[in-house]
Amino acid sequence: MKDFFEEFIKSAVDIISIPSVQEDPLPDMPFGEGVKRCLDKTLSICRELGFRTVTNGGYYGYAEIGEGEELFGILGHLDTVPFGDGWDYPPTSGTIKDGVLYGRGVLDDKAPILSTVFAVKELIERGLFPNKRIRIIFGCNEESGWKCIDKYLEYEEMPTQGFSPDGDFPVINCEKGIVYYEVAMPTLPHLLSIKGGERPNMVMESVTASLDSLSPKAIETIATRNDTSITKTDNCFCVTAYGKSAHGSTPNEGKNAFLTLVETLSEEYSGEWKNLCDIINNTDGSGYSLALKDEVSGRLTINIGKVFTEEDRLVFTLDVRHPISYSREYVYDALTKVFPSADIRQTMFHDSLYIAKDHPLVTKLLGAYEKVTGEKAEPITIGGGTYARALNTGVAFGPIFPSSESTIHQRNERANISDLKKMYEIYKEAIKDTCFETAKDN
């Protein structure tokens, strides 16, 4: 029998090589040409493996195999966040170097969702028979709003249960609530313009502000720091601050360039600059009067992902991941008190998810993880949001291992081939236990 894992890696490189960052819509390409090309290529791979495929106007696609009334869903996505700069290898090259695969989508989420296709095919080639329909769903707008899932739910059957390979191992049975806010406040003194950040759910890597004045001491300080730079024109000073990107659900793992800028300039200007610095200084929400936590889902996190000026307003986006025992309305009320002069607009939300740890779906997936790794494990909580929330009964399941570095949403997104192999074996075992007639090895 051929090596399905090896075939999976080759196909993963093929779809990683297709840029699939959301762009302006085109006819039958609601998220741009690259995303649609990636979807078409993925569905072509699935058809070659014997799956039935369906797509709907470029919003989503799925590959299905098996018969019966019950439908088991595996949900992932093919769109990615922007690449950013400073990669060791081109982000669409799918370079394998020293046993490591590099590329945007290696972890989030092209390779993980594609691996489930090959895992199902290998089980069938081994002579096992699905006891239900298995549908692997490919979203195309997960990073920018979930319009793909909205469209899927409008037209398609909802799986009875399933998982999303777009989180962490061992099993994620609890996901915090997610809400994005756009805060438009009076601009800060001496600020002419500012622009930084890519997405609300990415820690800001760089930001540039134009200012009408700076003291000689501030100019020297900014010029000598390794995380800021300065240039001067006839009319203004341009100050750029640099940080480290990370996923918006784990902002403490990055370094927010906007905070660096505000901290630096608050020493020069104080007043409103210092007030804003005190508010945004921590990612646990304490400055916003939102230092919230509960026993099940842990602490709130907050990230400023984008910032810009619009007329006489300073506008920034907040990505808030709140404990499941609190509501987004609670968060909104707190923000209105902290920013009394601001216009605050909710732009996106996903309600929290919780599946009891003794639910059969959770215990079967944990069993597959333990069988392959030899490690006893308990389900966990994350601040990230996965497609598991779209299912009636669903959890997130991999691909990040507890002992592995996560480079999701960062430059040099990558994974060890050995970890991808272990991931593949776990998914194969889990799908066998949940969707096939027999759990006996063949």
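These legends accompany close-up views of aromatic rings in a predicted model. Residues are numbered from 1 along each chain as its sequence is written, and side-chain values use heavy atoms, leaving out hydrogens and water. Because the model is predicted, local features need pLDDT of at least 70 and side-chain atom pairs count only at pLDDT 80 or more, while totals for chains, interfaces and linings use all residues.

**View A. Phe258 and Phe316, a tilted pair.** Searching the whole structure turns up 24 aromatic pairs (rings of Phe, Tyr and Trp, the last by its six-membered ring, with centres within 6.5 Å; planes under 30 degrees apart are stacked, over 60 edge-to-face, the rest tilted). In this one, the centres of Phe258 and Phe316 lie 6.3 Å apart, with 35° between the planes. Phe258 belongs to helix 6 (residues 257-269) and Phe316 to strand 18 (residues 313-322), so the pair links parts of the chain 58 residues apart (helices are DSSP runs of H or I, at least four residues; strands are runs of E, at least two; both are numbered from the N terminus). Phe258 is buried at 2% relative accessible area, and Phe316 is buried at 0% (buried is under 20%, exposed over 50%, partly exposed in between; 1.4 Å probe, protein chains only).

**View B. Tyr326 and Tyr330, edge-to-face.** Here the centre-to-centre distance is 5.3 Å and the planes make an angle of 65°. Tyr326 is partly exposed at 26%, and Tyr330 is partly exposed at 41%.

**View C. An aromatic cluster that includes Phe401.** Phe72, Phe163, Phe169, Tyr369, Phe397, Phe401 and Tyr427 make up one cluster. Over the ring of Phe401 sits the charged end of Lys422, 4.3 Å from the ring centre (NZ of Lys or CZ of Arg within 6 Å of the centre and within 35 degrees of the ring normal).

**View D. Lys232 over Phe237.** The charged end of Lys232 is 5.3 Å from the centre of the Phe237 ring.
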